[in-house]
Amino acid sequence: MPFPIHRMRRLRRTETLRRMVRETRLSVDNLVMPLFVCPGEGVTQPISSMPGNFRFSIDRLVEECREIAGLGIPAVILFGIPEHKNPHGEEGYEEDGIVQLAVRAVKETLPDLVVITDVCLCEYTDHGHCGVLRGEDVANDLTIELLGRMALTHAHAGADIVAPSDMMDGRVARIRQALDEGGYDQVPIMSYAAKFASAYYGPFREAADSAPSFGDRRSYQMDPPNADEAMREIALDIDEGADIVMVKPALAYLDIIHRAASSFATPIAAYNVSGEYSMVKAAAEKGWIDGERVMMETLTAIRRAGAEIILTYHAKEAARLLGG
Ligand code: PBG
Ligand code: ZN
């Protein structure tokens, strides 16, 4: 006998009551801030499609990381913009590549900040694809060799976690092997396990100058309608040795996050990607939505779906609101 015995509004009456029965808590501990590092000195270059985000030279990056750590954010993920791009993306796996140098500088100054590195070739190749080409196709097995090398140089520089985002088959196993052989059996892999071929990556590709020069990424990133296949991708990555698995993007894929969290005991990460961020910023700028509230509602939804780790360009703003 529901009404009038049950009145759902009783526990919604005051903020204190609502606080007591709140089921999902977003904490600064859940947040990871993505950062773009570029060559030069004294560079803080705004990314026009992502207000509040910048490309930083290493010296400025270290300062930014100091502020991020000061807000209580546990981790950053670094993306590199190299001096030169070429067909094989060589600057991506050199010991003194941009990300490798950046990791050294950040870890030297802020040893407790967790530094994650994105492992992919698209920021370093002149054609913008996530691997090396054979004809117009990305050559899977050649690419995972290079990704193994890249991950090893990141670990050698001091990366705390490596995060392959390429979606080649077998890359997690190859990277695990390269790390273990190099003496880095304690460096975890956070794999972009269910990464979809999404239009929401647009602003990132401007930021990293990594849009493919021909074709698209649909032969390696997942087809957006597929959920069972996402579970298979995640299971394979865990079998290959992934320590954390990621779903990307987040908002249009909350069902995938939820299924992953209920199917696998591995920690789940979700990437609240560039396009998701830019849409909120653009609508807020126009005065059409309350940007802060939409941000917190979005991050809480990603958390509620089951992600422990949220990579988000909102991390600093959210940390401030969370009292960091
Ligand atoms: C590189 C990579 C991309 C993103 C993270 N790593 C771009 C892509 O796959 O095109 C997207 C992040 C974002 O949109 O915020 N493979
Ligand atoms: Zn890529």
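Student: How far is an oxygen atom of ligand 1 from an N or O atom in the side chain of R217?

Tutor: A word first: this is a predicted model. A polar contact is read as a pair of N or O atoms within 3.5 Å. Here the R217 side chain places an N or O atom 3.0 Å from an oxygen atom of ligand 1.

Student: At what distance from an oxygen atom of ligand 1 does a polar side-chain atom of S274 lie?

Tutor: That distance is 2.7 Å. For Q221, a polar side-chain atom lies 2.9 Å from an oxygen atom of the ligand. Now consider burial. Alone, ligand 1 exposes 400 Å², and the protein buries 100% of that.

Student: How many residues surround ligand 1, and which are the closest?

Tutor: Count residues with a heavy atom within 4 Å. The shell of ligand 1 then holds 19 residues. K195, R205, K248, S274 and Y313 are the closest.

Student: How does the shell around ligand 1 divide into nonpolar, polar and charged residues?

Tutor: There are 10 nonpolar, 3 polar and 6 charged residues in that shell.

Student: How many cavities of 30 Å³ or more are found in the whole structure?

Tutor: The search finds 1. The largest cavity has about 150 Å³ of space. Its lining takes two or more residues from each of β9 (190-195) and α6 (202-208).

Student: Which residues lie nearest the centre of the largest cavity?

Tutor: C122, K195, Y201, F204 and K248 do, out of 17 lining residues. By class, that lining has 8 nonpolar, 3 polar and 6 charged residues.

Student: What is the volume of the largest pocket?

Tutor: A pocket is an open set of points, unlike a cavity. The largest pocket has about 330 Å³. Its lining includes E15, R22, R25, M296, R304 and L322. Helix α10 (residues 291-305) gives the largest share of the lining, 5 residues. By class, this pocket's lining has 4 nonpolar, 2 polar and 6 charged residues.

Student: Which residues lie nearest the centre of the second largest pocket?

Tutor: M167, D169, S219, Y220 and Q221, from a lining of 14 residues. β7 (137-138) and α7 (228-240) each give two or more residues to that lining. The pocket holds about 200 Å³. Its lining has 5 nonpolar, 3 polar and 6 charged residues. Q221 is the residue with a polar side-chain atom 2.9 Å from a ligand oxygen.

Student: Is the phi of M167 positive or negative?

Tutor: Most residues other than glycine have a negative phi, and most peptide bonds are trans. M167 is not a glycine, yet its phi is positive, about 70 degrees. It sits in the loop between β8 (161-164) and α5 (171-181).

Student: Is the peptide bond joining K248 and P249 cis or trans?

Tutor: Cis, with omega about -10 degrees. P249 lies in the loop between β10 (244-248) and α8 (254-263). The bond from F3 to P4 is cis too, with omega near 5 degrees. P4 falls in the segment before α1 (15-20).

Definitions and conventions. Residues are numbered from 1 along each chain as its sequence is written. Chains are lettered from A and ligands numbered from 1 in the order in which they are written. This is a predicted model: local features need pLDDT of at least 70, side-chain atom pairs count only at pLDDT 80 or more; totals for chains, interfaces and linings use all residues. Side-chain values use heavy atoms; hydrogens and water are left out. On a 1 Å grid over the protein atoms alone, a cavity is a set of points where a 1.4 Å probe fits but cannot get out, and a pocket is an open set with protein on both sides within 12 Å along at least five of seven lines; lining residues have an atom within 4 Å of a point. Grid points are joined across faces, edges and corners, and a volume is the space filled by probe spheres set on the points. Helices (H or I, at least four residues) and strands (E, at least two) are DSSP runs, numbered from the N terminus. Ala, Val, Leu, Ile, Met, Phe, Trp, Tyr, Cys and Pro count as nonpolar, Asp, Glu, Lys and Arg as charged, and the others, Gly among them, as polar. A polar contact is a pair of N or O atoms within 3.5 Å; within protein, one must be able to donate a hydrogen and the other to accept it, and residues adjacent in sequence count only if both atoms are side-chain atoms. Accessible areas come from the Shrake-Rupley method with a 1.4 Å probe; for residues, only the protein chains shown count as cover.
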